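Reader: Could we go through this model together? I would like to start with the packing and then move to the chain as a whole.

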Amino acid sequence: MLDTEKSSKCLDTMLSHYPEKVGKNRKEHLVAIDSCSEQHIEANAKVIPGILTNRGCAYAGCKGVVFGPVKDILDITHGPIGCSYFTWGTRRNWGKAEEDGDNYLNYCLSTDMQEQDIVFGGEKKLREAIREAYDIFKPEAIGVYSTCPVGLIGDDVKGIAREMSEELGILVIPNRCEGYRGISQSAGHHLASNTLMEYLVGTEDLEDPTPFDINVFGEYNIGGDYWGVKPLFEKIGYRIVTPFTGDASFHGIAKAHKAKLSVLMCHRSINYTNRMMEEKFGVPWMKINYIGIDGTIETLRNMAKFFDDPDLTARTEEVIKEELERVMPEFGKYRKRLAGKKVVIYSGGSRSHHYINLFESLGMEVIVSGYQFAHRDDYEGRQILPHIKKKASSKILEDVRYEQDPDIKPTYSKEELEKMKARGVPLMEYDGMLPEMKDGSWAIDDMSHYETEYILEKLKPDLYCSGIKDKYYSQKLGVPSRQIHSYDYSGPYSGFEGALNFARDVDMALSSPTWKYVTPPWKSGSKTAFMELSDRIA
């Protein structure tokens, strides 16, 4: 078991190696969990200059995360080729073409801006690129994504999109997502949500509505996660209008306003769209988690509680029973092998929180959990939103608000939704990650490379779960690592079967005989950069 007092002292020791001003700043971004006291954590702040960070840019969040997985929008990056290449195949957001539909996920298109385009402007080049792309592929929709140089020279991307849409007779969607428009990729998620609402959501009607139409928000089909839970939902009786945005068609997104309920997986990446759809179309949303067996069961039961239909509720329990009977015998075997192992989780958005329950169901102990680009409400819950002071860096992002659309009659009135909340349906709320963390564990926002090294050496986790940027560094120090951004070419990890897949992969990672050939520096007598820094300070 973790010791809160020792954990706090260890955290303070780690901060003591920073210069005084830096240490004071970083202290606000780290918390040693103590359930007996009210705790807060700083987040969504600029990275301290000189400190290595795992964060991406606004372009990465907009094109790479939110719009990139929409399979039938042909994407063109307006900027240098490196920006486009960065988002080409780096996320394993799978998609399959629908009948008579398109799938452009394998393509990487760019205007490839050069020095002369920066000097004389790139608008002509963008027009030519859109025409050429249309001549080759004949898409119904093209997405344009502007990068840093485009914003600096002032190309009128929106005007060109409007012009080319009229010329070609297709939908051309502009995204002003220059990388510098935010302190991390979170800004790009916000920008993408604004664009989704402006150009897509509510533009098409839904044929043959059913009583159980839902949207699956914050699901990007990494390693087939969406395909792991879609059959579960459909077996119970739900019809998915559209995912947002893994394996999505822009036609489905255009009809999303007709769903009865939106279920939200990744809170950070697309809660903006949830909120705007609630305001404009009256579509309620529910925070869910189908990573892990316990999380999946709670999700399915909460959804059934929302619709309050006896047959749907009965089918929900039948599916849960069938799945548990199928996976638990083998899952239990892995639990015996993995119980007691210590884990560090450091992901981009909500994944760290999602995986806590999965590790704990395997008997493993999460000693550190953090996010790269979270906001305070991801840690502390949405109840903290009114108390968050808006930073100057956030003012360049348009926080769009809507009035109720008079032409849309919501399925549920505000009074009906309040009654649902009164009977325990968790609507339009999220308690954040901190309440579910164990006393003595650490919550860390925007973890630096030095902090990573300190944790690996001093806390000695058995498993380090992060992304590609620090995966191999962890392994060089003799600590097995599993990617929870792109799943190391495995997955899916969603639902009941996904939990079993994950347990199998973690067991393979920890049981590999290769680790006996890797000796960490603290065992070999050599020094890591952290050790050398400590010696100099001493």
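**Packing and overall form**

Author: Setting aside neighbours within four places in sequence, Tyr-238 is in contact with Phe-212, Ile-214, Phe-233, Leu-300, Met-303, Ala-304, Phe-307 and Leu-312; contact means heavy atoms within 4.5 Å. This is a predicted model, in which local features need pLDDT of at least 70 and side-chain atom pairs count only at pLDDT 80 or more, while totals for chains, interfaces and linings use all residues. Residues are numbered from 1 along each chain as its sequence is written, and side-chain values use heavy atoms, with hydrogens and water left out.

Reader: Which residues have the most contacts inside the largest nonpolar core?

Author: They are Phe-233, Tyr-238, Phe-306, Tyr-355 and Phe-359, in a core of 108 residues. A nonpolar core is a set of buried Ala, Val, Leu, Ile, Met, Phe, Trp, Tyr and Cys residues joined through side-chain atoms within 4.5 Å. Buried means under 20% relative accessible area, exposed over 50%, and partly exposed in between, with a 1.4 Å probe and protein chains only.

Reader: And which residues does the second core include?

Author: That separate core has 25 residues, including Met-14, Leu-30, Tyr-346 and Tyr-450.

Reader: Turning to the whole chain, how many helices and strands are there?

Author: The protein chain has 22 helices and 14 strands. These are DSSP runs numbered from the N terminus, with helices being H or I of at least four residues and strands E of at least two.

Reader: What share of the residues is buried?

Author: Of the 538 residues, 58% count as buried. As for contacts with a separation of 6 or more, 76% are between residues 24 or more positions apart.

Reader: What are the dimensions of the box filled by the C-alpha atoms?

Author: Along the principal axes, that box is roughly 70 × 65 × 45 Å.

Reader: Where does Thr-147 lie?

Author: Thr-147 is in the loop between β4 (141-146) and α7 (148-153). Its relative accessibility is 1%, so Thr-147 counts as buried. Beyond four places in sequence, its contacts are Tyr-59, Thr-77, His-78, Gly-79, Pro-80, Cys-83 and Glu-178.

Reader: Is Ala-43 buried or exposed?

Author: Ala-43 counts as buried because its relative accessibility is 2%. Ala-43 lies in the loop between β1 (30-32) and α3 (58-67).

Reader: What does Ala-43 touch?

Author: Not counting residues up to four places away in sequence, Ala-43 touches His-29, Ala-374, His-375, Arg-376, Tyr-379, Lys-391 and Asp-445. The C-alpha atoms of Ala-43 and Tyr-371 are separated by 9.1 Å, although these residues are 328 residues apart along the chain.
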